[in-house]
Amino acid sequence: MSRTQESTVEVEVLLYDGFDELDGVGPYEVFQTAGAFGGDVAVRTVTLEERALVTASHGLRIGVDGVLDAPDVLVVPGGGWNAGDDRPGARREAERGAVPEAVRERAEAGSTVAAVCTGGMLLAEAGLLDGRPAVTHASALDDLRATDADVVDARVVDTGDVLTAGGITSGLDLALHLVGRYFGADVADRVARELEYDTDPSRVFVAGEADE
């Protein structure tokens, strides 16, 4: 499902303390590589408030490009969901509420929201998964089932304006799928070859296609 994009696709990866490194960096690299292969895309790392660095779940400190704006695509990483309430991560952000609120506002304003791993739980907290098929990391599936989401067995779930992905490396599948949506299969294939990553269309559940 590719589409013609008349202007630059703006992608923002929303960082917070305790996010999983690969959840955010994997999609970031996929989109940046797509830009090198003809995709008209601009990628930024962002936070809710201005700051210079964010510390990820394994201790990596990552620079921030700016504050969350109104991107075409908002990538929401997970991480730290089962680390405990006293440690930074997605669960703490869900409880604080600022990230889910910001994500909901961007979705209502027209951004496509794509969650990786337990970033899906932040989307659930925002109410974006109510009545939708969705997936998250295996360790949080029971928590997702306790929401109004319809949990499906897939690596990536695409419901159009809201997407979710399962485990940590599924962020690569998610980003490659979005590259295909915006820039076509040829660009997505070139990116996958550059990353030496094997893709499989059966990993992606696209809402509506199963009944066609």
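Tutor: An axis here is a line fitted to C-alpha atoms, for a helix over the stretch in contact, and an angle between axes runs from 0 to 180 degrees between N-to-C directions. Helices (H or I, at least four residues) and strands (E, at least two) are DSSP runs, numbered from the N terminus. The model is predicted, and for that reason local features need pLDDT of at least 70, side-chain atom pairs count only at pLDDT 80 or more, and totals for chains, interfaces and linings use all residues. Residues are numbered from 1 along each chain as its sequence is written, and side-chain values use heavy atoms, with hydrogens and water left out.

Let us begin with helix α7. The axis of helix α1 (residues 21-36) comes within 9 Å of that of α7, and the two cross at roughly 120°. This crossing of α1 and α7 is right-handed; a crossing is called left-handed if the near helix is turned anticlockwise from the far one by less than a right angle, and right-handed if clockwise. From α1, Glu29, Val30, Thr33 and Ala34 take part in the contact (heavy atoms within 4.5 Å), and from α7, Val187, Val191, Glu194 and Leu195 do so. Sorted by class, the contact of α1 with α7 holds five nonpolar, one polar and two charged residues. In this sorting Ala, Val, Leu, Ile, Met, Phe, Trp, Tyr, Cys and Pro count as nonpolar, Asp, Glu, Lys and Arg as charged, and the others, Gly among them, as polar.

Helix α7 (residues 185-195) also meets helix α6 (residues 170-183): their axes come within 7 Å and cross at roughly 150°. The crossing of α6 and α7 is right-handed. On the α6 side, Leu176, Val179, Gly180 and Phe183 are involved, and on the α7 side, Ala185, Val187, Ala188, Val191 and Ala192. The residues of the contact of α6 with α7 comprise eight nonpolar, one polar and no charged.

Glu196 is not a glycine, yet its phi is positive, about 55°. Most residues other than glycine have a negative phi. With 74% relative accessibility, Glu196 counts as exposed; exposed means over 50% relative accessible area, buried under 20%, and partly exposed in between (1.4 Å probe, protein chains only).

Rings of Phe, Tyr and Trp (its six-membered ring) pair if their centres lie within 6.5 Å; planes under 30 degrees apart count as stacked, over 60 as edge-to-face and the rest as tilted. By this rule there are two aromatic pairs. In one of them, Tyr16 and Phe19 are edge-to-face, at 6.4 Å centre to centre and with 70° between the planes. Both Tyr16 and Phe19 are buried. The rings of Tyr182 and Phe183 have centres 6.2 Å apart and planes at 45°, so this pair is tilted. Tyr182 is buried at a relative accessible area of 6%, and Phe183, at 18% relative accessibility, counts as buried too.

Helix α3 (residues 98-108) may be viewed next. Its buried residues are Val99, Pro100, Ala102, Val103, Arg106 and Ala107. Seen down the axis of α3, these residues fall within an arc of 165°, so they line one face of the helix; the arc is that of the directions from the helix axis to the C-beta atoms. The buried residues of α3 pack against β1 (9-14), β6 (73-76), α2 (90-96), β7 (112-115) and α4 (119-125).

In the loop between α3 and β7 one finds Ala109, which is exposed with a relative accessible area of 66%. Gly110, which follows α3, has a positive phi, near 115°. In the loop between β7 and α4 lies Cys117, a residue other than glycine whose phi is positive, near 60°. Cys117 is buried, its relative accessible area being 4%.

Helix α4 contains Gly119, which is buried with a relative accessible area of 0%. Leaving aside neighbours within four places in sequence, Gly119 is in contact with Val76, Pro77 and Gly78. From Gly119 to Ala102, the C-alpha to C-alpha separation is 13 Å, and the two are 17 residues apart in sequence.
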